[in-house]
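Keep the viewer open as you read.

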Amino acid sequence: MTETSTTDTRTVSLADLLDRSGLDVLEHLERQVAVPVLDGLQAQGDLIVIPHALVARTVVLHSNAWWQDVPRGGVELVRGVDGRNPHTLVADPDTCRWTSSVRDPLNLGIAVFENSAPAYLIHPEHGGSGVAPGRWLVRRQQERGVALTRLLIAD
């Protein structure tokens, strides 16, 4: 497992991210908190963000992968079963692109994104988390039941 460390010296508050993106979080979250930018394996609720280099041998992009820039309002990577609690990827203009054209042998891969400046995940219950520049795989969480059946988690 890769050790996660803070790499970005710029301080961005949750309030700043919400203002930039037009998104919101639950009222109990402190909006003036600084959102750390991490450069390793990390999780936000039921999403796992993995440096692509760690899985590059097995997780590949389709040969005709369609990359899209992350728009100002962000990209919903996953939404809870009940239609609430989206995990949204946000970034400054022209600094991040993403694709869902991922071939993951675990069938948990949602997207790969590349960012040249910090990108952020925003979630109504979890607030924000920052991701250092690089190439990243985003996977859903999986848990195994008693009979080793596969259960996808959606918070």
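The largest nonpolar core of this predicted model has 18 residues. Within that core, the residues with the most contacts are Leu77, Leu89, Cys96, Trp98, Ile110 and Phe113. Two or more core residues come from each of the strands β3 (47–51), β6 (75–78), β7 (87–91), β8 (96–99), β10 (109–115), β11 (119–123) and β13 (134–140). In soluble globular proteins, nonpolar side chains tend to be buried together.

Setting aside neighbours within four places in sequence, Ile110 is in contact with Leu47, Leu77, Val78, Thr99, Ser100, Val138, Arg139 and Arg140. There is also a second, separate core, made of 12 residues, and Val12, Leu18, Val25 and Ile122 are among them.

Now turn to the helix α1, which spans residues 14–21. Which of its residues are buried? They are Leu14, Ala15, Leu17, Leu18 and Ser21. Looking down the axis of α1, you will find these buried residues within an arc of 160°, so they line one face of the helix. The elements covering the buried residues of α1 include β7, β11 and β12. Just after α1 comes Gly22, whose phi is positive, at about 80°.

From the helix, let's follow one of those covering strands. Strand β12 covers residues 127–131, and Ser129 sits in it. Is Ser129 buried or exposed? Its relative accessibility is 14%, and because the cut-off for buried is under 20%, Ser129 counts as buried. Pro36 is 93 residues away from Ser129 along the chain, yet their C-alpha atoms are separated by 6.3 Å. With Gln44, the side chain of Ser129 forms a polar contact of 3.4 Å.

Next, move along to strand β13, where you will find Arg135. At 33% relative accessibility, Arg135 counts as partly exposed. Not counting residues up to four places away in sequence, Arg135 touches Ile50, Pro51, His52, Leu61, Trp67, Val112, Phe113 and Glu114. One of these, Glu114, makes a polar contact with Arg135 from side chain to side chain, at 2.3 Å. Asn115 lies 20 residues from Arg135 along the chain, and the C-alpha atoms of this pair are 6.7 Å apart.

Trp67, which Arg135 touches, has another arginine to look at. The charged end of Arg97 sits over the ring of Trp67, at 4.0 Å from the ring centre. As for pairs between aromatic rings, the count comes to zero.

Our last stop is a loop. Asp104 is found between β9 (102–103) and β10. With a relative accessible area of 6%, Asp104 is buried. What does the side chain of Asp104 have within reach of a polar atom? The backbone nitrogen of Gly109 lies 2.8 Å from a polar atom of that side chain. Beyond residues up to four places away in sequence, Asp104 touches Val59, Gly109 and Arg139. Arg139 brings us back to where we began, as Arg139 is also in contact with Ile110, one of the residues with the most contacts inside the largest nonpolar core.

Conventions: Residues numbered from 1 in each chain as written. Predicted model: local features only at pLDDT ≥ 70, side-chain atom pairs only at ≥ 80, totals over all residues. Heavy atoms only, no water. Core = buried A, V, L, I, M, F, W, Y, C linked by side-chain atoms within 4.5 Å. Buried < 20%, exposed > 50% of the residue type's maximum accessible area, 1.4 Å probe, protein only. Helix = DSSP H or I, 4+ residues; strand = E, 2+ residues; numbered from the N terminus. Contact = heavy atoms within 4.5 Å. Polar contact = N/O pair within 3.5 Å; in protein donor to acceptor, adjacent residues only side chain to side chain. Arc of directions from axis to C-beta. Phe/Tyr/Trp six-rings, centres within 6.5 Å; stacked < 30°, edge-to-face > 60°. Lys NZ or Arg CZ within 6 Å of the ring centre and 35° of its normal.
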